[in-house]
Amino acid sequence: GFYPFEVTPAHLAYTLLGGFTVVFGMFSAFFKEKMYLGEAPIATLFGIILGPHVANLIDPYSWGGGDHAVTDEITLEITRVVIAISVFAVGVELPKKYMLRHWRTMIVLLLPCMLWGWFISALLMWALIPGLKFLSCLLIAAAVTPTDPILAQSVIGGTYAENHVPAHIRHMLSAESGSNDGAAFPFLYIALYLTLDASPGHAVGEWFYATIAYEIVLGTVLGSLIGWVARKVMQFSEERKYIDRQSFVAQYVSLALLSMGGTVLLGSDDLLSAFACGCAFAWNGYFNRQTEDAVFSNVVDLLFNSAAFIYVGALLPFPDFNNHELGLDWWRLFVLAICILLARRLPSILALYKLMPDIKSFREACFTGWFGPMGVGAVFISTLARHSLPYGDPDADTAQVDRIREIISPITLFLVLSSVLSHGLSIPFFSLGRRVHSITYTWSRQPSMRDNQPAWTSQVRHVQPGQSIIVNRDEDPEEGDAGVRQTEKLGHSSTGESSSDRTRRDDIEMREKSQRSSRDSGEDEQEGSEGAIGERAGEDDNEPGTPPVAEYREGDDLIIERKRKGEEVEVEMVKHHFSKEREAQSHKFTHHQSLEEHEVGNLRHHLSKSDRLSSDFDGRQAMSQPPSPPADESSRGVAFGSTPAPARG
């Protein structure tokens with residue numbers, strides 16, 4: 001009979017992934033800017049609905065004839081690719097030389113804080129899950145120790161985070177999530193070697209040369225070398241016009257796959273290699289400047305992240321969450337999840353935040369301690385652990401090996417589900433602060449690949465010598481949004497020349513658009529918005545959410561950030577600024593290294609330019625507004641009369 005349909009698991013996966021991406025994209029602004037939800041929680045819910053326990057359209061456990069080893073292999077490779085691209089993107093998008101300039105904070109986060117999270121998670125598992133030795137709990141806990149770079153986007157990305165989380169905190173969380181997925185390998189393999197080897201001394205020695213030296217050190221060096229060579233070759237090709245725009249942007253994915261694939265072929269740490277490659281590739285900020293207006297990375301992130309969390313949702317083994325034969329109960333896992341979410345990061349960061357220069361206050365330490373999500377990285381490491389466990393008779397306890405293989409996936413996946421729900425849905429309820437003032441300059445410095453001119457100049461008419469330019473400040477409601485009108489004069493000129501006998505002239509009328517309507521609407525929005533006390537002068541072409549000057553209120557303290565495009569964020573903290581009982585104290589946090597001579601010159605140039613722009617902006621405001629009665633110094637504020645504004649130099 002006629003049966004043309006080809007319904008296979010692969011074809012269903014393509015269709016459903018494409019359908020989810022289309023529907024989510026149609027309402028993405030609503031989800032992200034109104035409900036403060038990224039694609040991860042929604043994709044996980046969609047995967048649960050499609051999974052074997054609801055609609056049974058996607059069943060990863062049936063792939064490969066029901067062989068769990070095949071399912072583990074598929075899971076391992078899917079999560080490997082997604083995380084490698086994510087951590088490479090984190091390394092690329094960090095400010096230039098970030099890891100070198102912030103090494104103190106990174107060391108504290110990657111060593112004592114991760115060690116604390118590893119031990120406390122294992123201790124809680126040992127207390128709540130029956131039949132497990134503490135060493136086995138250490139092996140399982142290694143999967144949930146690192147933070148997930150994909151779920152971390154709910155903290156460092158989106159409109160809510162941009163308005164409530166200062167840039168220096170977002171950069172720190174981003175760098176941590178990118179580096180500690182690969183840094184979790186030592187915790188996993190020391191527990192694995194001690195479990196499988198009857199001789200602890202031999203296990204520690206093998207861990208040192210096989211994991212620390214070969215995987216961690218070699219993976220970092222190899223990734224850094226690939227990124228450095230790629231950056232030099234790209235600069236060479238771009239200077240000689242050997243590379244086109246499309247290939248320039250495509251390096252985002254191709255370099256991530258190259259560093260990951262080349263390192264995993266050698267059996268080294270592919271995740272750390274991908275992150276190191278991204279950092280080295282964008283070390284001097286050259287790649288970021290050339291691709292600042294490209295949205296290719298965001299498209300890739302949306303596709304890969306959606307696919308990964310749909311797969312994770314379909315992978316959740318709900319019957320095993322209450323499997324008495326495995327010693328698992330709903331209440332045990334629920335209590336375990338709450339305890340790990342509260343105790344895994346928060347106590348260590350609260351105890352050590354004064355050793356981390358990037359955390360300026362106790363409030364920032366609480367925020368950083370809470371947002372340590374577990375996601376695709378935990379699934380990858382737990383699957384890698386299952387894949388590494390032998391089926392034979394190891395030197396150590398065989399019963400414990402079988403016990404680990406049975407329960408590591410249910411425990412890890414339940415904790416991932418808890419983290420997706422708690423961290424993905426708690427953004428509006430755990431606000432670090434709110435932006436109270438920002439100033440942006442609407443100017444793009446993106447150069448063309450061919451003419452060495454800003455990209456926006458291709459959208460406007462170039463004025464040639466001899467043409468007349470008329471600046472008209474009168475309002476014209478018929479004029480378009482661009483604020484530019486071009487009229488062509490035909491016929492005869494005053495000298496009697498016809499248009500066919502002379503060169504056609506263009507009179508370009510350029511005017512400044514009136515700010516009155518936008519300013520009035522902005523004031524109405526500021527009164528009704530929690531996070532807006534100051535005035536925002538348009539959007540910026542810098543990194544989204546990081547204007548050159550931004551101020552955040554954190555309790556009674558004021559955080560002021562000053563940033564140039566592609567550069568570090570300079571942070572000034574005015575303690576007790578909003579307090580009426582205590583005197584305000586200003587503390588500036590500058591980089592510990594001295595600036596180079598050319599950096600000092602560039603800084604002076606941009607500071608003087610900023611002062612001129614600020615003076616012109618204030619002058620235009622004064623001309624467009626009616627005079628107001630004088631007020632004493634105590635009544636001046638950012639927008640309302642009760643808040644003193646910090647002095648600006």
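Residues are termed buried when their relative accessible area is under 20%, exposed when it is over 50%, and partly exposed in between, with a 1.4 Å probe and protein chains only as cover. The structure is a predicted model, in which local features need pLDDT of at least 70 and side-chain atom pairs count only at pLDDT 80 or more, while totals for chains, interfaces and linings use all residues. Residues are numbered from 1 along each chain as its sequence is written, and side-chain values use heavy atoms, with hydrogens and water left out.

The secondary structure of the chain comprises 24 helices and 8 strands; these are DSSP runs numbered from the N terminus, helices being H or I of at least four residues and strands E of at least two. Of the 649 residues, 47% count as buried. Contact denotes heavy atoms within 4.5 Å. Among contacts between residues at least 6 apart in sequence, 74% join residues at least 24 apart.

Helix 21, residues 376–388, is mostly covered, with 11 of its 13 residues buried. The buried residues of helix 21 include Val376, Phe380, Leu384 and Arg386. The helix reaches 18 Å from its first C-alpha to its last, close to the 18 Å expected at 1.5 Å a residue, where the expected span is 1.5 Å times one less than the number of residues.

A salt bridge is defined as a side-chain nitrogen of Lys or Arg within 4 Å of a carboxyl oxygen of Asp or Glu, and the count by this rule comes to 8. In one of these, the side chains of aspartate 72 and arginine 386 meet at 3.0 Å, N to O. This pair links distant parts of the chain, with aspartate 72 in helix 4 (residues 68–93) and arginine 386 in helix 21, 314 residues apart. Both aspartate 72 and arginine 386 are buried. A further salt bridge joins the side chains of glutamate 77 and arginine 80 at 3.3 Å, N to O. Because they are 3 residues apart in helix 4, glutamate 77 and arginine 80 are separated by about one helical turn. Glutamate 77 is partly exposed at 33% relative accessibility, whereas arginine 80 is buried at 9%. Glu77, Arg80 and Asp270 are linked in a network of salt bridges.

Serine 121 is located in helix 7 (residues 112–128) and, at 0% relative accessibility, counts as buried. Not counting residues up to four places away in sequence, serine 121 touches Ala141, Val144, Ile340 and Arg344. A polar atom of the serine 121 side chain lies 2.7 Å from the backbone oxygen of glycine 117. A polar atom of its side chain lies 3.3 Å from the backbone nitrogen of glutamate 581, and the backbone nitrogen of arginine 582 lies 3.4 Å from a polar atom of the serine 579 side chain.

Helix 1 (residues 9–26) gives the most to the nonpolar patch, with 3 residues. Methionine 26, found in helix 1, counts as exposed at 64% relative accessibility.

Conventions:
Polar contact = N/O pair within 3.5 Å; in protein donor to acceptor, adjacent residues only side chain to side chain.
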